[in-house]
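This briefing goes with the sequence and structure shown below. Please read the two side by side.

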Amino acid sequence: MAADLRFAKTHEWIRPEGDGLATVGISAYAVEALTDLVFMQLPEVGRKVKAGESIGEIESVKAVSDFYAPVSGEIVEVNQALPNALETLGQDPYGAGWLVRIRPDDAAEAAGLLDAAAYDSLVKSQPH
Amino acid sequence: MTTPLLETPLCAWHSTHGGRMVDFAGWRMPVQYDSIVAEHLATRQAAGMFDVSHMGRLGVTGPESGGWLESLLTRRVADLGVGQVRYTLVTSDEGPRGVTILDDALVAREADAPDGSPRFSLVVNASNRERVVAWLRSRLPTVGVSLADHTFETAMLAVQGPLAVAIVTQLCSAADAAAIAALRSYRATAAAVASRPAAVSRTGYTGEDGLELVVAAADALPVWEAIMAAGAARGLHACGLGARDTLRLEAGMPLYGHELTADSDPFAVGLGFAITLNAADGTPRSFPGAEPLRRMRAEPDPRVRIGLVFDGKRAARESAAVTRVARPDAVVGVVTSGSFCPTLGSAAAMAVVDRAVAEEGGPLDVMIRDTACRATVTPLPLYRRLASQT
């Protein structure tokens, strides 16, 4: 996990890209916990979202889970290749497995999320 | 959570072998060890072993036990020979319709007791065990029949798949191996497996050939480990309840609480075969709810249970609405179970729909979280093993 990543308690990661945009994905821990992924629905480009709002769903054989916007902003791009290549999420969750790019309303909001060490301890405290 | 979860004798094995433990009907059970898809495909291609000790195991014996069960179950019992197993419903005459479906069950006739009395076993769903036991106890005569709940002193393992019989019989004497291999579907025998006494039946809930074994609770772990060791080189996987559910869905098998509920019309949900209204000589049988069931058969419900295979992998879950194509307002039925199905490679479901739209090959839409997903009406079972494998 790179040091520039921040994490939501709901297991999304966000990485500010320096161009005013930020990339969002879901953590390796979450992908591992879901297993057997079969379907993903991404949000529409242009949608304005609030932090904590559901922006899509990911489905495993057993269950459907929502994923959430880690910060408020506008969805400016989605990883259209991902729904047809869900294995990418397991292979490269912090790279090719990205979900959406978002234009944050407040560039500082991501800094308030968990850093890698804090997220790691959160995960370790959860029953598995 | 006020009540602690019940544990099978194999609970510790599951936990130490990566089992993801969940609450299922009050039991702490593994939903999967690694991947549901891998466990599912192993069962179809080689073999899978499932701890199904949470299922309720009841024993009925005594000189009057056959006649008593015959008077209570929707299938005939009096004509069961030793070693025969039959799928049945357990009904009561309660409720506004005069019939309530308490459970579906397997009834088997075991070898007679030493005093010559017949002995029967009943396997019921974990979620219904207490209710079924209470109902049966309320109907017990004062003499001639005894009923015992053996759930906690025994364990039950299902070994399923094309290699299941070969794997289990490796652990038996030549005579027992031959007896097990010769079992036809829905037949049972007593045998020693890994030197432990077991009731072995050629039954299962996966659509594959396979066996179910009932052993003493203390023998569960040694028998499980012996079978795991015997099957390791042949591709045997330990499987959780997740794969059990996707396997039975493909096999078109009902699950109580989904396809079959307390107030189902069994004829509408494709379980008419489990209701024997007349004895062999044509005289009407009598069991709780027989008269209302007779009326249901005479006046067929306009609904029918069907299979649906989706174009995509997104699964419809229980209670999703089934509609006419591109007519989200025209609801024609409801999904009872649905999942991605690994053998099919797409999502599939069972649903109860109006008979008018149940024609094979016809397209229907299913509303999944406000999105209409196209599916094709497909006869059940959705998966059928090759006849040569039986």
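In what order do the elements of chain A run from the N terminus on? The order is β-β-β-α-β-β-β-β-β-α-β-α. The model is a predicted one.

**Chain A**
- Chain A has 3 helices and 9 strands.
- The radius of gyration of chain A is 14 Å, which agrees with the value near 14 Å that a compact globule of 128 residues would have.
- Along the principal axes, the C-alpha atoms of chain A fill a box of roughly 35 × 30 × 20 Å.
- Buried residues make up 38% of the 128 residues of chain A.
- Of the contacts in chain A between residues at least 6 apart in sequence, 59% join residues at least 24 apart.

**Contact between the chains**
- Chain A gives 7 residues to the contact and chain B gives 11 residues.
- On the side of chain A that touches chain B, the residues are 3 nonpolar, 1 polar and 3 charged.

**Domains of chain B**
- The domain assignment divides chain B into domain 1 (11-55 + 153-250), domain 2 (57-149) and domain 3 (302-390).
- The centres of domain 2 and domain 3 of chain B, taken over C-alpha atoms, are separated by 34 Å.

**The open sheet of chain B**
- An open sheet of chain B consists of 5 strands in the order 5-6-7-4-8, with antiparallel pairing.
- Strand 5 (85-92) and strand 8 (146-149) of chain B are at the edges and have a single partner strand each, so one side of each is left without a neighbour in the sheet.
- On average, neighbouring strands of this sheet are turned by 30 degrees against each other, direction ignored.
- Helix 4 (residues 129-138) of chain B packs on the sheet and touches strand 4, strand 5, strand 6, strand 7 and strand 8 of chain B. The direction of helix 4 makes about 75 degrees with that of strand 6 of chain B.
- Strand 5 and strand 6 of chain B are joined in the antiparallel sense by 8 bridges, and Leu89(B) stands opposite Asp104(B) in strand 6.

**Strand 7 of chain B and its partners**
- Strand 7 (residues 119-124) of chain B is largely enclosed by the rest of the structure, because 5 of its 6 residues are buried.
- Strand 4 (residues 56-61) of chain B runs antiparallel to strand 7 and is joined to it by 6 bridges; Leu58(B) faces Leu122(B) across this pair, standing opposite it.
- Strand 6 (residues 100-110) of chain B also pairs with strand 7 in the antiparallel sense, over 6 bridges, and here Ala105(B) stands opposite Val124(B).

**Strand 13 of chain B**
- In a regular strand, side chains alternate between the two faces of the sheet.
- In strand 13 (residues 236-239) of chain B, Leu236(B) and Ala238(B) point one way, while His237(B) and Cys239(B) point the other way. All of these residues are buried.
- Strand 13 pairs with strand 3 (residues 47-51) of chain B in the parallel sense over 4 bridges, and Ala47(B) is the residue opposite Leu236(B).

**Glu7(B)**
- Glu7(B) is in the segment before helix 1 (11-16) of chain B.
- Glu7(B) counts as partly exposed because it has 16 C-beta neighbours inside 10 Å; a buried residue would need 20 or more.
- Although Glu7(B) and Arg28(B) are 21 residues apart along the chain, their C-alpha atoms are separated by 5.5 Å.

Terms used: Residues are numbered from 1 along each chain as its sequence is written. Chains are lettered from A and ligands numbered from 1 in the order in which they are written. This is a predicted model: local features need pLDDT of at least 70, side-chain atom pairs count only at pLDDT 80 or more; totals for chains, interfaces and linings use all residues. A residue is buried if 20 or more other C-beta atoms lie within 10 Å of its own, exposed if 12 or fewer, and partly exposed in between; C-beta atoms are placed from the backbone. Helices (H or I, at least four residues) and strands (E, at least two) are DSSP runs, numbered from the N terminus. Two strands pair if DSSP finds at least two bridges between them. Two residues are in contact if their C-beta atoms, placed from the backbone, lie within 7 Å. Ala, Val, Leu, Ile, Met, Phe, Trp, Tyr, Cys and Pro count as nonpolar, Asp, Glu, Lys and Arg as charged, and the others, Gly among them, as polar. The radius of gyration is taken over C-alpha atoms; the globule rule is 2.2 Å times the number of residues to the power 0.38. Domain bounds come from an automatic or database domain assignment. Axes are lines fitted to C-alpha atoms, for helices over the stretch in contact, and angles run from 0 to 180 degrees between N-to-C directions.
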